[in-house]
Each structure stands twice: as structure tokens, then as C-alpha cells.
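Here are some notes to read alongside the model. They go from contacts in the whole chain to the meeting of its parts, and then to a few local details.

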Amino acid sequence: MTDQLTIPSSLKPADGRFGSGPSKIRPGQLDALIAQGSSVLGTSHRQAPVRDLVGRVRSGLARLFDLPDGYEIVIGMGGTNVFWDAASFGLIRDRGAFGVCGEFSGKFATVARNAPFLGDPLVTEAAPGTSVQLRSADGADVYCWAHNETSTGVVSRVQRVAVPNGDRALMLVDATSAAGAIPVDVSQTDVYYFAPQKVFASDGGLWFAATSPAALERIAELSGARWTPTTLDLQVCVDNSRLNQTYNTPAVATFALMAAQLDWMLASGGLAWAAQRSAASSRALYEWAERTSYTSPFVTDPADRSPVVGTIDFDGVDAAEVAKTLRANGIVDTEPYRKLGRNQLRIGMYPAVDPADVAALTACIDYIVERS
């Protein structure tokens, strides 16, 4: 196989971006950024134009998720990794129970394990490629898992863990690669948190969290109870979010891109429409993988297969060479997650990706393999 192979233009997707994050940014978002840039970029984030933009994002998310009464959209700086640090200070009272089924769902457990003021986490692990479901655990005051494991392409159920009566445990769900493209009942969570560089087709550097009254109460309880860096103080994030701002200066362009994406999603039909679009893309990918002689879905149980991140194993074909040839032809970011170490491709299928482009991608892969 050679990276000099040229794929006919007639076979190529209209847009060759299939990254699992950062993901494809639609041209319409860039147009919107240009149109409003002079009113918000390079201006104070404490003044009305930027605060109105932040408010637009917060209200758009509330509409998209049909937030239950009392839930609030809280915003913080730094992305999901920083949220885990903040949660170790401001949401875990003593001990967390963690469901781990891949690299990213394991990172939060590692943060809790390394925090000297927290008890040892209770970790339930599932083999890569399978989903995880937590059960009641003695002493756990938070239950934490990922709605979608980005590294492996596994989706897990979002449902409250049945805990003893009177137990005030919180449900913290990492939705970084799920929020906005997989159906969810947010009332089954207390914090449904995510970053904007995947479904919302924006740059990173921020986190967003749909936060329940119980979680807001926990944040208020722990704020000041232990020393916390101000930038990681979730009460500071809550207070600033209610003013439609962040504690320190945010990337305003990210808010603008996200606002445009939210407008597009809501105008098109909201969460149900976005979920259907990703489902159509993933159906095209998985059906191709199942009928093709040299491929198979890495996630064997169809119920566990992610509609937004598809991982496809290759047999007798070097997937790395396929990805290399695709990249040479302008079809990018199909490489597998580096730490999983499998002979596979990983395909991002967020709502911004046209299902027709996923079908075209599979045709391009067949073209390459047939000529290897």
C-alpha cells in the first residue's frame, strides 16, 4: 500500500474531516464568527456584547437538553480535564465510585485517587469495547462514569444508580463526546458535563455542566470547607455563570462558534434531530464494517456501539497505512486512539458530519484496500 495512491474525486466525501475531537467545524459557523466578530472579539468579557453571547449559549444548552426545573448551566475554564480537578475539590465530599471502560473514563478516577484529601475511589472496570454500569457502593457520595467513551467508541446508559434511602450521592456523567448527539434524560444526572470541541464543533478550553439543585447545594457546602485554588472553585464558576461570564478571560471565539452550532441544531430540530443525524452516520459505518470481509466493529454488542465515535478493527489490512493514504488524499483524523493499540480506524460522526460523507469514506477505504 502506498500513500501516493490518488482517490478519485468522485468517491471522496465533500468534507474529509472525521476527527473524534477536535471535530469538524462547519463553514456556517465560521461565517457567523466573521459576521459578529467585530462586536465581541477583542472586547471586554464583562460587558454586554460578550455576556449576551455567553447567555445565548447557556440558554441554548438549556433548550437543547430540556433542563429540568432548578438545573443550571455552569461554565468553567480549561476543558474536561480541569473540570475533574475542580470536581475533586468541589463535588466529591470523601469518596467516589467510578465506572471505567477506557482511557477517558479512567482519568477522573485517577484524579480522585491522587487527591490527598479524598478517600480511595471505588472503581468498577469493564473491558475495553464494553460498557460499564455502576451499582450502589458503601461510602460513595458521588457516582461517576462516561456517557460515551471516546477512546473505544462505547456508549453507556445514563441512569441513576439505585442507592439506599437517604443517601445523598450525586451522579456525575462525563458527556464530552456525547452531549448534543445522544439522547439523554438529564434528570438522571446531577452533573452532565462536557467540553465544546466535539458535538458542538468549537475549540477547546471551556467546560459546561448541566447542574442539578443537589449538586449546586454540594458545591456551596464544599466551597470554603477545604482550601481550593480560585480557578478550581466551583462556587466561583456558579456565581460567574449566573452573570453570564467566566472568572477569568475566556476564548470568546469559542463561545461564538458554539452559539452558531447551537442555533443550527435547535433550528434543525434539537437533540432528537442531532441524534438521528449521528445515528444515520453510524448505521452506514457499522453496516459497512459488518458486511466487509476485512473489517468488523470493535464493539461487538450493538447496544454498546457509539453513534458518535465508531471504532473499526481491520483483519489482514494495515489500518495505519489506510489512514496514511486517506490523509494524503485530504481525508483526515481517522487514526485510532493511540493508547488503545489496535489495528483499527476511529471515525468521528458528530452532527456536523454529513452521513453521506461517512458513506463516501467507506467507499474510499474499499478503493484503497482493493489496490493495496
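**Notes on the predicted model**

1. Searching the whole structure turns up 13 salt bridges, a salt bridge being a side-chain nitrogen of Lys or Arg within 4 Å of a carboxyl oxygen of Asp or Glu. One to look at is Arg93 with Glu221, whose side chains meet at 2.9 Å, N to O. Arg93 sits in the loop between α3 (79-90) and β2 (96-100), while Glu221 belongs to helix α5 (residues 213-222), so this pair ties together parts 128 residues apart in sequence. Helices (H or I, at least four residues) and strands (E, at least two) are DSSP runs, numbered from the N terminus.

2. Before going on, some ground rules: this is a predicted model, where local features need pLDDT of at least 70 and side-chain atom pairs count only at pLDDT 80 or more, though totals for chains, interfaces and linings use all residues. Residues are numbered from 1 along each chain as its sequence is written, and side-chain values use heavy atoms, with hydrogens and water left out.

3. How is the chain divided into domains? Domain 1 takes 9-25 + 270-370, and domain 2 takes 27-266; such bounds come from an automatic or database domain assignment. Their C-alpha centres are 27 Å apart. The contact (heavy atoms within 4.5 Å) draws 30 residues from domain 1 and 35 residues from domain 2.

4. About 2500 Å² is buried between domain 1 and domain 2, with carbon and sulfur atoms giving 63% of that. Buried area here is the accessible area (1.4 Å probe) that two parts lose on being put together, summed over both. On the domain 1 side, Ile25, Leu271 and Asp304 lose the most area to domain 2, together 27% of what that side buries.

5. What holds across this interface by the polar rules? One salt bridge is found between domain 1 and domain 2, along with eleven residue pairs in polar contact, both residues at pLDDT 80 or more. A polar contact is a pair of N or O atoms within 3.5 Å; within protein, one must be able to donate a hydrogen and the other to accept it, and residues adjacent in sequence count only if both atoms are side-chain atoms. On the side of domain 1 that touches domain 2, α8 (270-291) and β11 (309-314) each supply at least two residues, and α8 gives the most, with seven residues.

6. Now the aromatic rings: the count is 14 aromatic pairs, meaning rings of Phe, Tyr and Trp (its six-membered ring) with centres within 6.5 Å; planes under 30 degrees apart count as stacked, over 60 as edge-to-face and the rest as tilted. Phe194 and Phe208 have ring centres 5.9 Å apart and planes at 15°, so they are stacked.

7. Two backbone details deserve a look. Gly21 and Pro22 are joined by a cis peptide bond, with omega about 0°; Pro22 lies in the segment before α1 (27-40). Ala201, in the loop between β8 and β9, has phi near 50°, a positive value in a residue other than glycine.
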